Amino acid sequence: MGSIPDPGDFAQPSFEDFQRQTSLMTSCTLLWKELSDHFSSLEQDLLKKSEALREKIKTLDRQTKESLDFLEKREVTLDGTIEVALEKVEERKEAALIALEKHSDGEVDDDDGLLLKLQSFCGKMDSKGFWRFVTVRKKELDALRAQIPVALNECVDPPKFVLEAISEVFPVDRRVEKSERLNDLGWACVLLLESLIPVMVDPVIGKSRLLVTPSVKERAKDIAETWKASLDQRGGIENVKTPDVQTFLQHLVTFGIVRKEDVNLYRKLVVGSAWRKQMPKLAVSLGLGDKMAGMCLVNSFIRNWICFDRIDFPTPSLNKTT
């Protein structure tokens, strides 16, 4: 008859095995929880990134559609722009013939004679002669302001013509001989730059498209950089002459080359010449309205007796450089 095993022989191994299994299950549970949390976190990150990607795609689709619509609009309106330009050419031709008959002696004795003379310079792209003619007629400023925009339409390339006309004194004064009477020609520079704006605006689309060639616009940008580089030679921002400041700022506005990076420079220039009545309008065109509205810049304006909180600036967006 076989022997009966002692129950104690089975108790110890079974308890140890139970402990091992318990420990293993605990480790597995913790590992599972850790893995579960990790994958849940990955899933949440993927969902967020996926949503952000969808929003970016929507934004890109919207921007692409807007760009394509704008390009289509520009293409469609080109014919209309050309047609309007041709009509204006014909109108100016008839007006020039009438003025020529009236002023056959070439004398400039009224507005028609003044316009005819200005158109003659523009038609021949004689920017130097045009500049000399304008700069000695400061007393006829109102008449010049009315007639120059009309005359500039006779130019083959009005923006290039104006840049060449003012190049004698802007961005740097290249005159060898200066007379006291003609020393300050900033008024003439500003006059030509202001007069150029309506000539450059697309007659169909408007201000969103300026009729200026890429090469001339790049030249305008180079001129602006040259002027900024010459500030040290002029004694710094604090000592630069107000007519020079106004010419520079008007140059930026006319050619649509305002730079966001230079906003602080523009603000300092405007503050330094704030007594000029044109400065509030230029400040708005430069995108400084939101930076100066409600601000009483006493410390900056004390020598000019100007307080900007008396000026109601609208809040514009910066001009885009294209």
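This is a predicted model: local features need pLDDT of at least 70, side-chain atom pairs count only at pLDDT 80 or more; totals for chains, interfaces and linings use all residues.

Guide: K65 has a relative accessible area of 54% and is exposed.

Visitor: Why is K65 called exposed?

Guide: Exposed means over 50% relative accessible area, and K65 has 54%, so the label applies.

Visitor: How do you know that the side chains of D69 and K65 meet in a salt bridge?

Guide: The cut-off is a side-chain nitrogen of Lys or Arg within 4 Å of a carboxyl oxygen of Asp or Glu. For D69 and K65 the N to O value is 3.0 Å, so the pair is a salt bridge. Both residues lie in helix α1, four residues apart, which is about one turn of the helix.

Visitor: What do K228 and D262 tie together?

Guide: Their side chains meet in a salt bridge at 2.6 Å, N to O. K228 lies in helix α7 and D262 in the loop between α8 and α9, so the pair ties together parts that are 34 residues apart in sequence. Both K228 and D262 are buried. Salt bridges that share partners join E225, K228, R259, E261 and D262 into one network.

Visitor: Why is Q246 called buried?

Guide: Buried means under 20% relative accessible area. Q246 has 3%, so Q246 is buried. Q246 is found in helix α8, and its contacts beyond four places away in sequence are V190, R276, Q278, M279 and L282.

Terms used
Residues are numbered from 1 along each chain as its sequence is written. Side-chain values use heavy atoms; hydrogens and water are left out. Helices (H or I, at least four residues) and strands (E, at least two) are DSSP runs, numbered from the N terminus. Buried means under 20% relative accessible area, exposed over 50%, partly exposed in between (1.4 Å probe, protein chains only). Contact means heavy atoms within 4.5 Å.
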